[in-house]
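This briefing covers one protein chain, topic by topic. The sequence and the model come first, and the notes follow.

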Amino acid sequence: MNLRWVHAVLILLSAALAVLFGVWSLSQYGRDGGAASLVTAVVAFAASFGLIAYDSWFLRKTRALR
């Protein structure tokens with residue numbers, strides 16, 4: 001496994017962790033109802049989307065570096 005794929009896998013794992021954190025934040029919002037939990041969930045989902053977009057861009061950009 002070369003460094004390119006290690007980087008891609010770590011970014012995907014970070015995106016998955018951001019999704020899990022967003023789901024947890026939504027459950028906290030459902031339980032307690034604070035606005036901060038809802039904002040945190042939205043930010044976590046946005047970060048996950050950004051990480052996936054970055055990973056896609058990174059893999060396209062480094063395709064020639066096999």
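The chain has an accessible surface of about 4800 Å², and carbon and sulfur atoms account for 73% of that surface. Accessible areas come from the Shrake-Rupley method with a 1.4 Å probe, and for residues only the protein chains shown count as cover. The model is predicted, so local features need pLDDT of at least 70 and side-chain atom pairs count only at pLDDT 80 or more, while totals for chains, interfaces and linings use all residues. Residues are numbered from 1 along each chain as its sequence is written, and side-chain values use heavy atoms, with hydrogens and water left out.

**Overall form**

- The secondary structure consists of 2 helices and 0 strands; helices (H or I, at least four residues) and strands (E, at least two) are DSSP runs, numbered from the N terminus.
- The C-alpha trace of the chain spans about 50 × 20 × 10 Å along its principal axes.
- The radius of gyration of the chain is 15 Å, whereas a compact globule of 66 residues would have one near 11 Å. This radius is taken over C-alpha atoms, and the globule rule is 2.2 Å times the number of residues to the power 0.38.
- Of the 66 residues in the chain, 23% are buried; buried means under 20% relative accessible area, exposed over 50%, and partly exposed in between (1.4 Å probe, protein chains only).
- Among contacts between residues at least 6 apart in sequence, 57% join residues at least 24 apart. A contact means heavy atoms within 4.5 Å.

**Helix α1**

- Helix α1 covers residues 3-32, which is 30 residues. From first C-alpha to last, α1 reaches 43 Å, close to the 44 Å expected at 1.5 Å a residue; the expected span is 1.5 Å times one less than the number of residues.
- The buried residues of α1 are Arg4, Ala8, Ile11, Ala15, Ala18, Gly22, Ser25 and Gln28. They pack against α2 (35-61).
- An α-helix has 3.6 residues a turn, so residues three or four places apart point the same way.
- Gln28, in helix α1, counts as buried because its relative accessibility is 14%.
- Not counting residues up to four places away in sequence, Gln28 touches Gly33 and Ser37.

**Helix α2**

- The end C-alpha atoms of α2 are 39 Å apart, which agrees with the 39 Å that its 27 residues should span at 1.5 Å a residue.
- Ser37, Ala41, Ala44, Ser48, Asp55 and Phe58 are buried in α2. The buried residues of α2 pack against α1.
- Ala44 lies in helix α2 and is buried because its relative accessible area is 7%.
- Leaving aside neighbours within four places in sequence, Ala44 is in contact with Ala18, Phe21 and Gly22.
- Ala44 and Phe21 are 23 residues apart in sequence, and their C-alpha atoms are 6.6 Å apart in space.
- Ala47, also found in helix α2, is partly exposed because its relative accessible area is 36%.
- Val39 is in helix α2 and counts as exposed because its relative accessibility is 51%.
- Val39 and Tyr29 are 10 residues apart along the chain, and 9.4 Å separates their C-alpha atoms.

**Nonpolar surface patch**

- Val19, Val23, Leu26, Tyr29, Leu38, Val42 and Phe45 form a nonpolar patch on the surface, with about 540 Å² of accessible area together. The elements that give two or more residues to this patch are α1 and α2, and α1 gives the most, with 4 residues.
- Patches are made of residues with over 30% relative accessible area and no salt bridge; like charges are joined within 9 Å, and nonpolar side chains (Val, Leu, Ile, Met, Phe, Trp, Tyr) within 5 Å. A salt bridge is a side-chain nitrogen of Lys or Arg within 4 Å of a carboxyl oxygen of Asp or Glu.
- Leu38 of this patch lies in helix α2 and counts as partly exposed because its relative accessibility is 34%.

**After α2**

- Arg63 is in the segment after α2 and counts as partly exposed because its relative accessibility is 46%.
- Arg63 and Arg4 are 59 residues apart in sequence, yet 9.2 Å apart in space, C-alpha to C-alpha.
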